[in-house]
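Here are my notes on this model, point by point. Have the structure open while you read, since I go from the overall picture to the strands, the cores and then the pocket.

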Amino acid sequence: MIAGARPSARGSTASLHWLPEPLISTRGSVLHQTFTVDLAPTSRLLMREEQLLGRSGEAPGHLTTRLTVRRGGRPLLDQHSAYGHPAPAWDGSAVLGGHRATGQLLLVDPGLDAPQEPHLIGDGSAGGHAVLTPLAAPQALIATAVAPTPAQLLHLLDTALAHVYETPRPEAEGEQWLRERRERRTEELRWCSGLGGPGAA
């Protein structure tokens with residue numbers, strides 16, 4: 001299956017929030033997913049992706065994703081990922097390190113006082129970790145994370161976003177939405193990761 005999306009934010013003060021529900025790559029599935037985003041130089045973007053590679057106790061299908069972002073017609077990010085057989089070494093220590101939930105958060109904001117150095121979130125233990133990295137263009141950052149469960153992945157990405165805005169300032173547009181979304185989805189995420197839903201023992 002091939003899926004693609006081409007969102008854009010071209011107005012001088014346009015904002016795009018692309019915050020889909022987690023994608024679950026189930027055993028036997030094949031999905032090739034492509035996102036292409038076009039931004040005006042003064043537009044804002046908050047984009048989040050979450051992937052769960054297989055349900056509890058099962059191998060994932062084959063998933064490839066490509067994310068291309070242009071700002072003012074110039075390349076900002078072009079990223080390709082592949083998971084599941086036949087992708088080589090996808091679950092090795094250099095990629096997922098045995099984790100089964102992975103995701104990223106991309107933030108582009110012309111008014112952002114962005115951190116200039118990479119920042120590690122988590123200690124790399126069994127709970128997973130995230131890395132927040134500034135991109136070459138000013139006011140643009142990406143956080144990538146791996147974790148054993150979707151709930152832990154969501155916590156890492158939320159922590160990365162909070163770190164960007166840790167200096168007191170008006171709440172970033174979309175941040176409240178993310179908090180409400182996290183509360184609303186807690187039971188769903190626990191079920192997907194095999195931890196049990198309401199009434200589980």
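**Notes on the predicted model**

1. Overall make-up. The chain's secondary structure comes to three helices and 12 strands. Keep in mind that this is a predicted model. Of its 201 residues, 47% count as buried. If you take contacts between residues at least 6 apart in sequence, 69% of them join residues at least 24 apart.

2. Start with strand S9 (101-108). Eight of the eight residues of S9 are buried, that is, under 20% relative accessible area, so the strand is largely enclosed by the rest of the structure. Side chains in a regular strand alternate between the two faces of the sheet. Here both faces are covered: Ala101, Gly103, Leu105 and Leu107 are buried on one side, and Thr102, Gln104, Leu106 and Val108 are buried on the other.

3. What pairs with S9? Strand S6 does, in the antiparallel sense and over eight bridges.

4. Carry on from S12 to S11. Six bridges join these two strands, which run antiparallel, and Pro134 has Leu141 of S12 as its bridge partner. The S11-S12 hairpin has five residues between the strands, and Gln139 takes a positive phi near 60° there.

5. Now the cores. The largest nonpolar core has 22 residues, and those with the most contacts inside it are Leu105, Leu107, Leu112 and Val164. S6, S9, S11, S12 and helix H1 (150-164) each supply at least two of its residues. Which element gives the most to this core? That is H1, with six residues. A second, separate core has 15 residues, including Leu39, Leu77, Val108 and Leu135. As a general point, nonpolar side chains in soluble globular proteins tend to be buried together.

6. Leaving out residues up to four places away in sequence, Leu105 touches Leu46, Met47, Arg48, Leu141, Ile142, Ala143, Leu157 and Leu161.

7. Strands S6 (44-53), S8 (74-83), S9 (101-108), S11 (129-134) and S12 (140-147) are the elements that give two or more residues to the lining. What is the lining like by class? It has six nonpolar, 12 polar and one charged residues.

8. Last, a loop. Thr42 sits between strand S5 (30-39) and S6. Is Thr42 buried or partly exposed? Its relative accessibility is 42%, so Thr42 counts as partly exposed, the class between 20% and 50%. Thr42 and Thr13 are 29 residues apart along the chain, while their C-alpha atoms are separated by 6.1 Å.

How values were computed: Residues numbered from 1 in each chain as written. Predicted model: local features only at pLDDT ≥ 70, side-chain atom pairs only at ≥ 80, totals over all residues. Heavy atoms only, no water. Helix = DSSP H or I, 4+ residues; strand = E, 2+ residues; numbered from the N terminus. Nonpolar A, V, L, I, M, F, W, Y, C, P; charged D, E, K, R; others polar. Buried < 20%, exposed > 50% of the residue type's maximum accessible area, 1.4 Å probe, protein only. Pairing = 2+ DSSP bridges. Core = buried A, V, L, I, M, F, W, Y, C linked by side-chain atoms within 4.5 Å. Contact = heavy atoms within 4.5 Å.
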